[in-house]
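Please open the structure in your viewer and keep the selection panel at hand. The stops below go from the overall layout to single residues.

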Amino acid sequence: MRFYRDRRRHVITTQTEHKCVLDSCRYLQQEGFEVTYLPVRPDGLVDVAQLADAIRPDTGLVSVMAVNNEIGVVQPLEEIGRICREKGVPFHTDAAQALGKIPIDVNQMGIGLMSLSAHKIYGPKGVGALYLRRRPRIRVEPQMSGGGQERGIRSGTVPTPLVVGFGAACEIAAKEMDYDHRRAVVLQQRLLDGIRGQVDDIVINGSMEHRYPGNLNLSFAYVEGESLLMGLKEVAVSSGSACTSASLEPSYVLRALGVEEDMAHTSIRFGIGRFTTEEEVDRAIELTVHQVKKLRDMSPLYEMAKAGIDLKSIEWAQH
Amino acid sequence: MAAVAPTRGEVLSLLRSLLRTARQFSDYNIREYTCRRATDAFRENRALRDVAVAAAAYADGKKQLEVAKRQAVVYSLYAPKAKSIMEMKLQ
């Protein structure tokens, strides 16, 4: 997808990108491309000045996701797009999590390429779309060779029911964006207030102002994330994204934010969608508070912290 | 065709039909959503005075009722046996 010409050998992306983008970048590196992984600020946002500095004459692509899948942070697309336009570099954005949730204007934001996915907006699973700007023209190499449909961009037959379903889902998402957004804001606030009112030492991961309200990523100090997940078997939450579920490593996204290892281990991601009810949020609060309190009662670390001992100062015996 | 504003009775009858249809969804989340969305939309449009706008909103509601009726049947054909966790405690 991200092949350009032989004279452009450099790609810029961020450290908090979705696994699929990072893996594609690693593949490009194996092919001999150079990739710059931009660090992000503690609130999860890209430093736009740093991005501008990273652009070289041979930079062929800048890829920054619109909404982060783990922490829900919305990147400053408009500024990034403006810089890319000034420097003549194509701008790709992974808008899978943003579609139907925040307004996107490819012209205003200077987006050259945009990846979209249907199942994130209650559309059918197994279909997505790639927006390609025509003026100035962005050329891509097809993933599959064959019939060369759509001016050689793509080959093969498109599944009509999925495509129509995707279109219908987009139409509804656009119509319902305001309503869904208002509701997500209310529920997120309810969830946050409910948990914060009963449990202390909670950290919200990622910027709260530049955030899509359907996502809440919290770290509970002195609690082990996987134990909390096991305890919360009635709530569908995750300690990272499903895409990285194979490893017990703390989330690389949180590590990129500079979150300490122990706090990254205790993070839980709550998702709020169109069909989430108040009662479900209340139940989630009740169960989470119960589990966190239970785990903290068992935790010697919590006891020590409450007794005023700085855990960072302890020298643990090496085995 | 001149737009005719729906009467109060017609509007209330449409809302009742929507809520009645919503109750037929077997899925907890969709049932709750349909009820909530219908009520919210009617509350939002309560202040509509413009005849054409009110008629359009009424027509849209009619269309949504058709969708809900159809989908309630379709979803019931493929309803999973597992209930939502929210319903288990309710019983």
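How many residues of domain 1 of chain A are in contact with residues of domain 2 of chain A? Before selecting anything, note that this is a predicted model, in which local features need pLDDT of at least 70 and side-chain atom pairs count only at pLDDT 80 or more, while totals for chains, interfaces and linings use all residues. Residues are numbered from 1 along each chain as its sequence is written, and chains are lettered from A and ligands numbered from 1 in the order in which they are written.

Select 10-167 of chain A as domain 1 and 177-310 as domain 2, bounds that come from an automatic or database domain assignment. The contact involves 21 residues of domain 1 and 21 residues of domain 2, where two residues are in contact if their C-beta atoms, placed from the backbone, lie within 7 Å. On the side of domain 1 that touches domain 2, 10 residues are nonpolar, seven polar and four charged; here Ala, Val, Leu, Ile, Met, Phe, Trp, Tyr, Cys and Pro count as nonpolar, Asp, Glu, Lys and Arg as charged, and the others, Gly among them, as polar. Taken over C-alpha atoms, the centres of the two domains are 28 Å apart.

Next, select Val62(A), Ala66(A), Ile80(A) and Ala95(A), which have the most contacts inside the largest nonpolar core, a set of 44 residues. Such a core joins buried Ala, Val, Leu, Ile, Met, Phe, Trp, Tyr and Cys residues through C-beta atoms within 7 Å, and a residue is buried if 20 or more other C-beta atoms lie within 10 Å of its own, exposed if 12 or fewer, and partly exposed in between. Because both domains of chain A give residues to this core, it lies between them. Centre on Val62(A) and, leaving aside residues up to four places away in sequence, you will find that it touches Ile12(A), Ile80(A), Cys84(A), Val89(A), Phe91(A) and His92(A). A second, separate core of 18 residues can be located through Leu187(A), Tyr222(A), Phe270(A) and Ile272(A), which are among its members.

Finally, turn to the backbone. The peptide bond from Arg135(A) to Pro136(A) is cis, with omega near -10°. Tyr122(A), although not a glycine, has a positive phi of about 65°, and it counts as partly exposed because it has 16 C-beta neighbours inside 10 Å. Asp201(A), also a residue other than glycine, has a positive phi near 55°, and with 16 other C-beta atoms within 10 Å Asp201(A) is partly exposed.
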